[in-house]
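The sequence and the structure are shown first.

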Amino acid sequence: MESRTKLAGHPVHPMLIVLPLGLLSIGVVFDIVYLVTNDPTFAEVSFWNITVGILGGLLAAVFGLIDWLAIPKDTRAKHLGLWHGGGNVVIVLLFIVSWALRLPSHAYAPDLTPFVLGLVAVGAALVTAWLGGELVYRLRVAVDDDTHPNASNSLAREEMAGAKHPGGTAGAAG
């Protein structure tokens, strides 16, 4: 099942998840460094990583929702996609609460609630990332229909959109 939204022949959603996942995770790492060193610079860096990570997560969610809506009803993929997307919404919400608690002072210690929320969210992200991998690598969600070891270049396939080749697949010629 191919993705509904593509850029240069590749699904947009997986392109967008990398930045927020990295920023939010690194935000928690900088929180740990802040708690160990008590240097408020690390709390500040964590705050801005989380800020941009939340924005990126919300943008990635839009494209994930578009792809999820295209999954056929009553399938394992639709069910897993709901858990994947719903879990990621909860993760972003946890980070939004953590972010909001940091607003008065980015150096939030001794109140560890912002850190704990981020830590729980990153733990949950490991689960939702696995679910995303299950959707792509096991259930072939957002994978081109003509995927095989000799498939054409993604850009060449876009140029040939609509053309049919032997075997009924679009863009199978390399």
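## The surroundings of R102

Not counting residues up to four places away in sequence, R102 touches D31, S46, F47, I50, Y108, P114 and F115. The model from which these contacts are computed is a predicted one. R102 belongs to helix α3. Its relative accessible area is 0%; because the cut-off for a buried residue is under 20%, R102 counts as buried.

S46, F47 and I50 are listed on the α2 side of the contact between α2 and α3, and R102 itself is listed on the α3 side. D31 in α1 and F115 in α4 both take part in the contact between those two helices.

## Overall organisation

The chain contains five helices and two strands. Read from the N terminus, the order of the elements is β-β-α-α-α-α-α. Of the 174 residues of the chain, 36% count as buried. Among contacts between residues at least 6 apart in sequence, 68% join residues at least 24 apart.

## The pairing of α2 and α3

Helix α2 spans residues 40-69 and helix α3 spans residues 76-102; their axes come within 10 Å and cross at roughly 155°. Angles over 145 degrees count as roughly antiparallel, and α2 and α3 are therefore roughly antiparallel to each other. The crossing of α2 and α3 is left-handed.

On the α2 side, the contact is formed by S46, F47, I50, T51, I54, G57, L58, W68 and L69. These residues meet K78, G81, L82, V92, F95, I96, W99 and R102 in α3. By class, the contact of α2 with α3 comprises eleven nonpolar, four polar and two charged residues.

A further position in helix α3 is G86. With a relative accessibility of 34%, G86 counts as partly exposed. The C-alpha atoms of G86 and A61 are 9.7 Å apart in space, while the two residues are 25 residues apart in sequence.

## The pairing of α1 and α4

The axes of α1 and α4 also come within 10 Å, and they cross at roughly 140°. α1 and α4 are therefore oblique to each other. Their crossing is left-handed.

In this contact, L21, L24, S25, V28, D31, I32 and L35 in α1 meet F115, G118, L119, V122 and A125 in α4. The residues of the contact of α1 with α4 divide into nine nonpolar, two polar and one charged.

## Nonpolar cores

In soluble globular proteins, nonpolar side chains tend to be buried together. Which residues of the largest nonpolar core touch the most other members? Of its 13 residues, these are L24, I50, I54, I91 and F95. The elements that give two or more residues to this core are α1 (12-37), α2, α3 and α4 (113-138).

Leaving aside its neighbours within four places in sequence, F95 is in contact with L24, V28, I50, I54, G118, A121 and V122. Among these partners, L24 and V28 are listed in α1, and G118 and V122 in α4, while I50 and I54 are listed in α2.

A second, separate core has seven residues, including I71, L80, L131 and L135.

Terms used: Residues numbered from 1 in each chain as written. Predicted model: local features only at pLDDT ≥ 70, side-chain atom pairs only at ≥ 80, totals over all residues. Heavy atoms only, no water. Axes fitted to C-alpha atoms, helices over the stretch in contact; angles between N-to-C directions. Helix = DSSP H or I, 4+ residues; strand = E, 2+ residues; numbered from the N terminus. Parallel < 35°, antiparallel > 145°, perpendicular 65-115°, else oblique. Left-handed = near helix turned anticlockwise from the far one by under 90°. Contact = heavy atoms within 4.5 Å. Nonpolar A, V, L, I, M, F, W, Y, C, P; charged D, E, K, R; others polar. Buried < 20%, exposed > 50% of the residue type's maximum accessible area, 1.4 Å probe, protein only. Core = buried A, V, L, I, M, F, W, Y, C linked by side-chain atoms within 4.5 Å.
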